[in-house]
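Student: Can we go through this one together? I have some questions about how the chain is packed.
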Amino acid sequence: MLLHSPPVLLALAFAWPGMALAAPATLPAGHDSLEQRIKACTACHAQKERHDVFFPRIAGKPSGYLYNQLLNFREGRRQYPMMNYMVEHLPDDYLREIAEYFAAQHPAPPPAQPSGAGATALARGRQLVLQGDGAKKIPACIACHGQQLGGVAPAIPGLLGLPRDYINAQLGAWKNGIRRAHAPDCMAQVAQRLSDADVGAVSAWLGTQVAGADARPASGITAPLPLHCGGVPGSAAQVAP
């Protein structure tokens, strides 16, 4: 799973305005390479983890997830001026190429983030991530994001290594309807069932965890997802929302 935070915190941004991804036709041969194009992305999304709440590391995320997010920014389901501006005129094939490039990058995992959350909050976060809360119809994060929380190809992101405040902000965005995905929006359903304290507990506990050095997204879904997710091909609800 990915409170209330300013909209500026809610972006999975890939570039600053003015750093156009589409190269002019007059560039010399070889200057319109993929490496040249993604420089605008890495200006914000550095491979070296900085626990940057504005620009989380996107390297190693499943290509389908990255592609869906680019589409969401282009189609207005996610709002962040830099991203909306940069991708509004880019074709699907171009966005898919960028997504596949970053999905193939696997830098070393970042270290754990220090947490000021108390033991009770961390225990609650661990419970929600690993077990969920049946009474509130909240599925465990691992039920969708993989047993190792490394994500699942092609379209479910990993949760480890993301800045704690970024996770907090994204859950808040889903709770408040600022962030949306393809219907049915399973993350919006989950986030709306979480209390503010639950959101803080989940983000705090995830921030203390470190992925293994060889962590990769799982190759596919091995069991029906607990909720039907419009952005995940082939997903099917296992329990009623």
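Student: Which residues of α9 are buried?
Tutor: In this predicted model, the buried residues of α9 are C186, M187, A188, V190, A191 and R193. That is 6 of the 8 residues of α9, a helix that is mostly covered.

Student: What covers the buried residues of α9?
Tutor: The cover includes α7 and α8.

Student: And α8, how many of its residues are buried?
Tutor: 9 of the 12 residues of α8 are buried, so α8 is largely enclosed by the rest of the structure. The buried ones are Y166, I167, N168, A169, Q170, L171, G172, A173 and W174. Their cover includes α9 and α10.

Student: How far does α8 reach from its first C-alpha to its last?
Tutor: α8 reaches 17 Å, close to the 16 Å expected at 1.5 Å a residue.

Student: What comes just after α8?
Tutor: G177 does, with a positive phi of about 75°.

Student: Which residues other than glycine have a positive phi?
Tutor: K137 is one of them, with phi of about 55°. K137 sits in the loop between α6 and α7. L149 is another, with phi near 60°; L149 belongs to the loop between α7 and α8.

Student: Is L149 buried or exposed?
Tutor: L149 is buried, at a relative accessible area of 6%. The cut-off for buried is under 20%, so L149 qualifies.

Student: Which residues touch the most other members of the largest nonpolar core?
Tutor: L149 is among them, together with V129, L171, L194, V202, L206 and L225. This core has 31 residues. At least two of its residues come from each of α6, α7, α8, α9 and α10. The largest share is that of α9, with 5 residues.

Student: Now the prolines. Which peptide bonds are cis?
Tutor: The bond from A153 to P154 is cis, with omega near 5°. P154 is in the loop between α7 and α8. A cis bond also joins A183 and P184, where omega is about -5°. P184 is placed in the loop between α8 and α9.

Student: Different topic: helix packing. How are two packed helices described, in general?
Tutor: By the angle between their axes and the distance between the axes.

Student: At what angle do the axes of α6 and α10 cross?
Tutor: They cross at roughly 85°, and the axes come within 7 Å. The two helices, α6 and α10, are therefore roughly perpendicular to each other.

Student: Which residues of α6 and α10 meet?
Tutor: On the α6 side they are A121, L122, R124, G125, R126, L128, V129 and L130. On the α10 side they are D198, A201, V202, A204, W205 and L206. V129, V202 and L206 also turned up in the core list, as residues that touch the most other members.

Student: How far apart are G118 and A204 in sequence and in space?
Tutor: G118 and A204 are 86 residues apart in sequence and 9.5 Å apart in space, C-alpha to C-alpha. G118 is in the loop between α5 and α6.

Student: What is the relative accessible area of G118?
Tutor: The value is 40%, and G118 counts as partly exposed.

Student: Last bit, the overall picture. How many helices and strands does the protein have?
Tutor: There are 10 helices and 0 strands.

Student: And how much of the protein is buried?
Tutor: Buried residues make up 49% of the 241 residues.

Key: Residues are numbered from 1 along each chain as its sequence is written. This is a predicted model: local features need pLDDT of at least 70, side-chain atom pairs count only at pLDDT 80 or more; totals for chains, interfaces and linings use all residues. Side-chain values use heavy atoms; hydrogens and water are left out. A nonpolar core is a set of buried Ala, Val, Leu, Ile, Met, Phe, Trp, Tyr and Cys residues joined through side-chain atoms within 4.5 Å. Buried means under 20% relative accessible area, exposed over 50%, partly exposed in between (1.4 Å probe, protein chains only). Helices (H or I, at least four residues) and strands (E, at least two) are DSSP runs, numbered from the N terminus. Contact means heavy atoms within 4.5 Å. The expected span of a helix is 1.5 Å times one less than its number of residues. Axes are lines fitted to C-alpha atoms, for helices over the stretch in contact, and angles run from 0 to 180 degrees between N-to-C directions. Angles under 35 degrees count as roughly parallel, over 145 as roughly antiparallel, 65 to 115 as roughly perpendicular and the rest as oblique.
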